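Please open the structure in your viewer and keep the selection tool at hand.

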Amino acid sequence: LMQLLARLVTPDGGQLMIDSRDTREMAEAITGQRIAYCGADSHIFNCSLRDNMLYGLKHQPVPEWDRHSVDPASRERQIKEARAADNSIDDPDVNWVDYRASGVESVDQFKELINRILVTLELDDEALLLGLRETADLEQHPHLPEQILQIRREIADELKKPETATLVEFFDREAYNTNLSVAENIVFGAPLTEAYQYNMLSNNPLVKELLREQGLDRIFLETGYRLAEIMLELFAEVDEDDELFEQFSFIRAEDFPEYERIHAEVGKYGLEHIDDEDREMLSAMTFKLTPARHRLGLIDDSLQPLILNVRRALQDSLGEHNEEISFFNIEEFNPAVSIQDNIVFGRIAYGKAMAQRTISEIIQEAVNRSGFRTEIIWSGLDFIAGTGGKHLSVVQRQKIIVARCLFKNPDILIINDALTALNPSSLEKILDNIIAFRQGKNLIWTLDNPDLEDRFDTVLE
């Protein structure tokens, strides 16, 4: 029935009328824009949450709303190529979001509408949490660094209280952070180039030289070999398709035979006689170790000071402000790391019960007091949903799909089992919110709970 009303299927007989007009005679361009349907099988695209929610407003370029400057010669070349390929000549890079179709008259009103829809679906707190995981857009929000540093100072004392002191290990240039990997401890900042990405560090010429100076090259090789031995023993009987490989193993399932070969050669000839490529594979294992998480005793108190020496030497070699690494500095905002990492200036401890939730609550309360909650929520809307929304929870996916329909501002809104993942109390609250949001406009909803029938003017069983 719902698919019939949305004209997703055609009646076998009879007529389906809207205001005395047969829906089969209506152009799809009209029904597609004026009827919104969301069901359990509605799709999430591999783009930002914002683009997913505004998808229903993208029909054609909207020149009067566009701030995109196009080089005339480049645009002429683009049109020529599009015609030669028999493609649309519409510019994909300009603004396609028809804000006015959502019922507003200005960009400022549209921003207010976004906030209102997020609150209606209780997505604002979730967008805030996602925003905390994003890096700050300093072009849009140039004052964020100063505000974030203020929050960092405000919550520092709170995070050092006895009940929270063990939940965060702060970034200290002079101390080894056991909640960071070896690679993260050496870099001690955010890599800005591929050469200093954590998974590439074992191949970095400067890092390799600094390890040799500290006598760590041999130690890293031996530690990597011991770690490989442990992994080969633990996962010898685990099926290669088992998710345990992805969650706990330092060795990918497809690389397992290669490490078995290296292990056999070391057992036969010794570490000194394997080739450079095999040595590199073993040493790279050590860079992945995080003492607080892995608890294998391989990065002990005697080894940590030597790794700190490498950190200091790397900072001295590159300089405080360089183009390779954005180093952690307690007095500075780091634009290359997430907003949350900038606020906490530390790593939430592994294995501490409720640590993530407790710290998140402290951060949210501080953000709400600060007055720039909205800016972080907007950063959260840049979060990439992943293919089919795989980076989102089921509840988040369902809410995003309903939000997409609300933004369309349709004459008829049909919600067909689209919020099944919500618990009954949340569903009831969001149902009431949507009814209030759609005040005076058509809303059709499939209900499993007959206790909610009194919200509607007409009920069909």
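The stops below begin with the whole chain and continue with selected residues.

The model is predicted: local features need pLDDT of at least 70 and side-chain atom pairs count only at pLDDT 80 or more, whereas totals for chains, interfaces and linings use all residues. Residues are numbered from 1 along each chain as its sequence is written, and side-chain values use heavy atoms, with hydrogens and water left out.

**The whole chain**

Select the entire chain. Its C-alpha atoms fill a box of roughly 85 × 60 × 50 Å along the principal axes. Colour by secondary structure to find 20 helices and nine strands; these are DSSP runs numbered from the N terminus, helices being H or I with at least four residues and strands E with at least two. Of the 461 residues, 43% count as buried; buried means under 20% relative accessible area, exposed over 50%, and partly exposed in between (1.4 Å probe, protein chains only). Among contacts (heavy atoms within 4.5 Å) between residues at least 6 apart in sequence, 70% join residues at least 24 apart.

**A charged patch**

Select Asp239, Glu240, Asp241, Asp242 and Glu243, which gather in a surface patch of negative charge. Asp and Glu count as negative, and Lys and Arg as positive, while His and the chain ends are not counted. Patch residues have over 30% relative accessible area and no salt bridge, with like charges joined within 9 Å; a salt bridge is a side-chain nitrogen of Lys or Arg within 4 Å of a carboxyl oxygen of Asp or Glu. Glu243 is exposed because its relative accessible area is 53%.

**A buried asparagine**

Next, select Asn342 in helix H16 (residues 339-344). Is Asn342 buried or exposed? Asn342 is buried, because its relative accessible area is 1%. Show its surroundings: leaving aside residues up to four places away in sequence, Asn342 touches Ile148, Arg152, Phe333, Asn334 and Val337.

**Two loop residues with positive phi**

Move to Asn409, in the loop between helix H19 (394-407) and strand S8 (412-416). This residue is not glycine, and its phi has a positive value near 50°. Asn409 counts as buried because its relative accessibility is 17%.

Finally, select Asp417, in the loop between S8 and helix H20 (424-437). Phi of Asp417 is also positive, near 55°, in a residue other than glycine. Asp417 is partly exposed, with a relative accessible area of 33%.

Technical notes: Patch = residues over 30% accessible without salt bridge, like charges linked within 9 Å, V, L, I, M, F, W, Y side chains within 5 Å. Areas by Shrake-Rupley, 256 points an atom, 1.4 Å probe, with all protein chains shown as cover. Charge placed at Lys NZ, Arg CZ, Asp CG, Glu CD.
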